[in-house]
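Q: I have a model open and a few things to ask about it. Can we go through them one at a time?

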Amino acid sequence: MRSRRKPPCAAHLIILILCSLLLSTRVTARPFVLVLSQDDLKDGPVDESPDDPSSVADWDEFGESDARSDDDLDPGSWRPIFEPDESNSNSAEEFPINPQLEEYYSSVRKMVAAVSDGGRAMEDVASEIESAAATGNPHAQSLLGFLYNTGMARERSGAKAFMYHHFAADSGNMQSKLALAYTYSRQDVYDKAVILYAELAEAAVNSFLISKDSPVIEPVRIHTGAEENKEALRKSRGEEDEDFQILEYQAQKGNAVAMYKIGIFYYFGLRGVRRDHAKALWWFSKAVDKGEPRSMELLGEIYARGAGVKRNYTKALEWLTLASKQKLYSAYNGMGYLYVKGYGVEQKNYTKAKEYFEKAAENEEAGGHYNLGVMYLKGIGVKKDVKLACKYFIVAANAGQPKAFYQLAKMFHTGIGLKKNLPMATSLYKLVAERGPWSSLSRWALEAYLKGEIGKAFLLYLRMAELGYEVAQSNAAWILDKFGEASMCMGESGLCTDAERHQRAHSLWWQASEQGNEHAALLIGDAYYYGRGTERDYDRAADAYMHAKSQSNAQAMFNLGYMHEHGQGLPLDLYLAKRYYDQALEIDPAAKLPVMLALASLWVRRNYANTFMVDLIDSLPGVYPKADEWIKNVVMEEGNATILTLFVCLLTVLYLRERQRRQAAAGGGGGVAPPPLRPNDNGVPLVN
């Protein structure tokens with residue numbers, strides 16, 4: 001992108017907006033992809049008013065006059081328990097505690113303690129929560145909905161969970177709103193899901209920075225599918241991490257860049273560091289003494305938001321101006337914001353604000369494009385032009401600006417600038433909403449996991465899973481499978497039985513697979529195929545493998561080939577089996593050995609059907625259960641006797657081919673040998 005880049009014209013609005021907010025390892029959900037085409041744009045004059053004005057908030061997109069804290073945006077947050085603000089520990093007289101909140105937090109503390117203690121007191125805790133909920137305490141109602149949804153100390157009931165979350169959401173509990181929105185979206189009830197996600201996304205946007213994009217604080221995936229994700233966990237050990245300690249040493253020696261990075265870690269709570277605005281302010285102040293411009297910008301943000309200091313817009317403007325003079329172009333966004341709102345300046349000045357936003361945009365700052373889009377959308381200091389606003393938002397979204405995704409969601413929601421599309425609006429709102437203050441649950445869960453407090457980590461991931469976070473669903477399911485009873489999974493009465501754990505893990509993996517996690521879909525298929533935690537069902541296994549296969553999963557393709565080869569849940573079809581085996585190899589070259597063995601098995605079945613050779617191949621898994629267990633524990637984490645079977649097939653093929661060669665060399669001897677098959681590129685005979 002060159003400077004002074006203009007938005008794309010309508011004729012070229014066939015774009016891919018790749019959301020870099022999602023990780024892209026092999027066990028993650030697929031990156032969110034938004035495809036906008038000419039069909040999404042409204043033809044003719046743009047309707048300047050929403051289709052349903054009552055369904056969305058006022059179009060004042062530059063935030064509220066007073067930025068609210070995370071606790072205000074997320075009432076009932078578990079922050080006071082997992083991340084208490086020690087600076088306010090002695091201010092109870094100045095700020096009296098709400099009795100309802102105190103009762104609620106007491107219940108949460110007891111619930112966490114009960115889980116950590118093996119669940120002996122969980123029934124009493126659940127009764128206490130139920131009593132508080134009966135008095136109309138919305139946060140207790142949200143907690144009770146969580147208990148019914150997960151089956152902890154209460155019989156699992158989706159209807160009761162929905163009812164209590166509905167009561168809590170009506171009274172302002174944001175996490176219950178998120179749980180309801182996710183429930184509606186799973187049921188394709190988009191007209192209700194979109195309204196809830198819109199409100200949640202708006203709250204999330206209000207927590208973002210004004211001048212630059214907030215760092216993407218993605219929930220850490222604690223596993224790679226089969227084993228612990230050691231590299232990601234190593235980088236998340238906070239102050240105990242060696243890299244952090246080296247950085248801190250460099251900062252203490254006067255390195256300004258290191259000072260800034262340490263401040264960022266403390267300000268946002270990155271890489272397992274406990275969030276501490278006071279420490280962040282101290283490090284930023286040290287860095288600006290050495291002329292570090294990014295720290296100047298962050299100090300401007302801190303004073304504008306009043307995070308850890310008394311809000312002071314004049315100081316905010318001073319720091320942002322200093323940063324901009326050192327060519328930190330994102331600072332222009334913050335300066336423009338202050339002029340739009342009239343904060344820290346004599347009066348509002350839309351002309352100057354637009355100039356600052358244009359400077360940011362000309363220097364490839366996504367926030368500049370976003371802010372210009374807002375001005376044209378609302379007609380602030382410029383002639384209202386919704387189509388031009390849409391183009392600016394698309395440029396910003398292409399650069400990963402989350403606020404731009406929010407604006408595009410509103411356009412799809414209201415039909416302003418883009419054709420109304422509730423499913424698309426719901427998906428985009430959800431993407432933004434999940435970056436709200438409630439995402440801190442993931443940080444606390446990871447901290448507990450790294451401390452070895454598995455029960456506490458599982459509880460927190462389970463709460464996030466209920467809210468619709470795919471990574472949390474995957475992490476919670478993996479903890480159940482990996483740690484078993486040590487996961488402290490709580491059932492209706494005490495610790496979960498094996499059957500309850502399998503069923504809960506199955507449910508969590510299934511939810512993750514619905515959101516694009518190919519590994520989760522594969523595990524669901526395995527559960528149905530082997531009867532793990534559920535009745536064996538080859539048809540459902542095939543459906544799950546098909547779902548994973550649609551996401552280009554080589555293992556799923558191999559499994560589908562195996563099922564076609566054996567007629568399990570799919571029609572017996574050796575040709576389709578070979579096609580799936582070949583596709584598995586195309587997707588993953590590491591599958592060469594098992595594919596070679598599988599094709600060898602197909603050769604035997606094709607050329608020696610209804611013989612003892614096929615019977616021998618089919619009987620091997622049952623004949624060698626000890627070998628199966630050895631392979632499972634030594635060779636493969638989730639193996640079975642199939643690999644042994646296929647290896648024997650390969651040996652059999654080599655023996656038979658050698659016998660054919662000798663018979664041909666000897667003149668046939670009266671018998672007619674089967675015609676040889678054409679080998680493929682891997683040296684394995686092809687099925688005719």
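Q: Is Lys 403 buried or exposed?
A: Lys 403 counts as buried, at 12% relative accessibility. Buried means under 20% relative accessible area, exposed over 50%, and partly exposed in between, with a 1.4 Å probe and protein chains only. This is a predicted model, where local features need pLDDT of at least 70, side-chain atom pairs count only at pLDDT 80 or more, and totals for chains, interfaces and linings use all residues. Residues are numbered from 1 along each chain as its sequence is written, and side-chain values use heavy atoms, leaving out hydrogens and water.

Q: Which helix is Lys 403 in?
A: Lys 403 lies in helix 19 (residues 402-414). Helices (H or I, at least four residues) and strands (E, at least two) are DSSP runs, numbered from the N terminus.

Q: New topic. How many aromatic pairs are there?
A: The structure holds 25 aromatic pairs. Rings of Phe, Tyr and Trp (its six-membered ring) pair if their centres lie within 6.5 Å; planes under 30 degrees apart count as stacked, over 60 as edge-to-face and the rest as tilted.

Q: Why is the pair of Tyr 104 and Tyr 105 called tilted?
A: Because the planes of Tyr 104 and Tyr 105 are at 50 degrees, with the ring centres 5.1 Å apart. Tyr 104 is buried at 2% relative accessible area, and Tyr 105 is buried at 11%.

Q: And what about Tyr 339 and Tyr 356?
A: They form a tilted pair, 5.8 Å centre to centre, with 40 degrees between the planes. Tyr 339 is in helix 15 (residues 331-341) and Tyr 356 in helix 16 (residues 350-362), 17 residues apart.
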